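Please open the structure in your viewer and keep the sequence at hand.

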Amino acid sequence: MSHVFISYSLEDGIFARQLADRLLREGFDIWIDGRVEHHQQWHVAIERGVKDADIVVVIMSPMSQASRLVQREVALAKENGRTIVPMLLEGSNWFANLSSVNVTDKQLPPDDFFKNLAKYITPTALPGGNIASATYADRQERIHSTMSAAQDSNNGARATTQALVVRPDSHFQFVVEQGPEEGRGIPLDKNTITVGRERSNDITIVDAELSRYHARLTLSESGYIIEDLGSTNGTFVNGKRIAQPTMLNAGDVVRMGSYVTLNYERKTNDMPAPDVTEEIPIEQYAELPAKTGQPRLIMRNGPQLNRVMILDQAVMTIGRLPSNDIIINDPEVSRHHCSLSGDASHGYKIEDLGSTNGTQINNQRIEGKKKLEHGDIVMLGPNIVLGYVE
């Protein structure tokens, strides 16, 4: 059972991820939509996530108030008697009978918020009785009175970093995209893993640009965190040199020096084989931002959920290899899967590049170039779902 379910709109995703990371550091199990696996149907996974949660934190903003998905999650929480904690990020509190935690300064709640959340999430810790035997109204009243008191008494104190809670298992691997033994899968199966030239490392890669002890991986609740160990030529995640420990997400591309490139991904044997003949109900992915005049793709299902990919070149390619303009590291995506051509004034056309698993628009496999319309759902193989926004 997950302790905390985080409900939020696409536009509030950065704050939601910061909150999720802090909750993990405090030892909570959390459910956030990045935990939806490629093969799962979205609405089924969301419903299960709410039902399995003790508490549903709702990040409130005008965008989440207008979001059908957020309102559905709130309705599910009420139907299943889950405690709701509104967190006001922007706008006004749209829960008539519940107080909210104020985070309009875009900072995480004070330390006491997390301490008191922990008290009321543990059944035996509820003052005056077991939380499981308390009525829904009692639980809601007690937790909200505690949250309000904690916020008033903290005088603006903010979060400090806590030790990460380490899980004993991992379902991730590196795949060598470029470097010695290209295509090799390297299981990540320890709490701490060092990478470098020396044979005493957990992962030894013999390359002149790697330092003897180049980088370290540390297992957390949501995957691995990578840290450069003062290497000469640097460690890069998705093309950016890292200066501090960085959380890896499935699909990230890690480069060490200028040559060795590793794809961070889930082990393929952890994912059931997709049914490529099944038509996916695209309505579950249909909620997309309004037009802004800047064409872009938004990942609605895949290794980097809610990732925004700006379309700003006359011709752009999508595929698994680093040579693409948009890199999507998924085993069902071809090395060079499809191309996009166009501009902000006229929109974009998409063309499949002879991929193995095909490119679809709104469940229709395409041949030749097809014009994209605002709100179209693009599927690359059975796993990757992208929303097109103009």
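Select Ala250 in this predicted model; Ala250 sits in the loop that runs between strand E14 (246-247) and strand E15 (253-256). Is Ala250 buried or exposed? With a relative accessible area of 15%, Ala250 falls under the 20% limit and is therefore buried. Now show its surroundings: leaving aside residues up to four places away in sequence, Ala250 touches Phe172, Tyr264, Arg266, Pro303 and Gln304.

Next, display the whole protein. Its secondary structure comprises six helices and 27 strands. Of its 390 residues, 49% count as buried. Among contacts with a separation of 6 or more, 54% join residues 24 or more positions apart.

Colour the model by confidence. The mean pLDDT of the protein is 77, and 77% of the residues reach 70 or more. Which element has the lowest confidence, and which the highest? The lowest is helix H6 (residues 136-153), with a mean of 44, whereas strand E12 (residues 235-237) is highest at 94. Select residues 34-40 as well: the pLDDT stays under 50 there, and the model gives this stretch 21 contacts beyond four places in sequence. Residues 268-278 also have a pLDDT below 50, with eleven contacts beyond near neighbours in sequence. Where pLDDT is low, the predicted coordinates should not be read in detail.

Move to helix H4 (residues 68-79). H4 has twelve residues and spans 16 Å from its first C-alpha to its last, close to the 16 Å expected at 1.5 Å a residue. Select Val70, Glu73, Val74, Leu76 and Ala77, which are buried in H4. Viewed down the axis of H4, its buried residues fall within an arc of 160 degrees, so they line one face of the helix. An α-helix has 3.6 residues a turn, so residues three or four places apart point the same way. On the other side of H4, Arg68, Lys78 and Glu79 are exposed.

Inspect both ends of this helix. At the N-terminal end, Ser67 caps H4, with a side-chain oxygen 3.3 Å from the backbone nitrogen of Leu69. Just after H4, Gly81 adopts a positive phi of about 65 degrees.

Two asparagines come next. Most residues other than glycine have a negative phi. Asn238, although not a glycine, has a positive phi of about 50 degrees. Asn238 lies in the loop between E12 and strand E13 (240-241), and its relative accessibility of 41% makes it partly exposed. Asn362 likewise has a positive phi, near 50 degrees. Its place is the loop between strand E23 (359-361) and strand E24 (364-365), and Asn362 is partly exposed, with a relative accessible area of 29%.

Finally, select the open sheet of five strands, whose order is E20-E19-E21-E22-E25 and whose pairing is mixed. Which strands form the edges? Strand E20 (326-327) and strand E25 (369-371) do, each pairing on one side only. Strand E19 (residues 315-319) and E20 run parallel and are joined by two bridges. To view one bridge, select Gly319 together with Ile327, its bridge partner in E20.

Terms used
Residues are numbered from 1 along each chain as its sequence is written. This is a predicted model: local features need pLDDT of at least 70, side-chain atom pairs count only at pLDDT 80 or more; totals for chains, interfaces and linings use all residues. Side-chain values use heavy atoms; hydrogens and water are left out. pLDDT is the predictor's confidence in each residue, from 0 to 100. Helices (H or I, at least four residues) and strands (E, at least two) are DSSP runs, numbered from the N terminus. Contact means heavy atoms within 4.5 Å. Two strands pair if DSSP finds at least two bridges between them. Buried means under 20% relative accessible area, exposed over 50%, partly exposed in between (1.4 Å probe, protein chains only). The expected span of a helix is 1.5 Å times one less than its number of residues. The arc is that of the directions from the helix axis to the C-beta atoms. A polar contact is a pair of N or O atoms within 3.5 Å; within protein, one must be able to donate a hydrogen and the other to accept it, and residues adjacent in sequence count only if both atoms are side-chain atoms.
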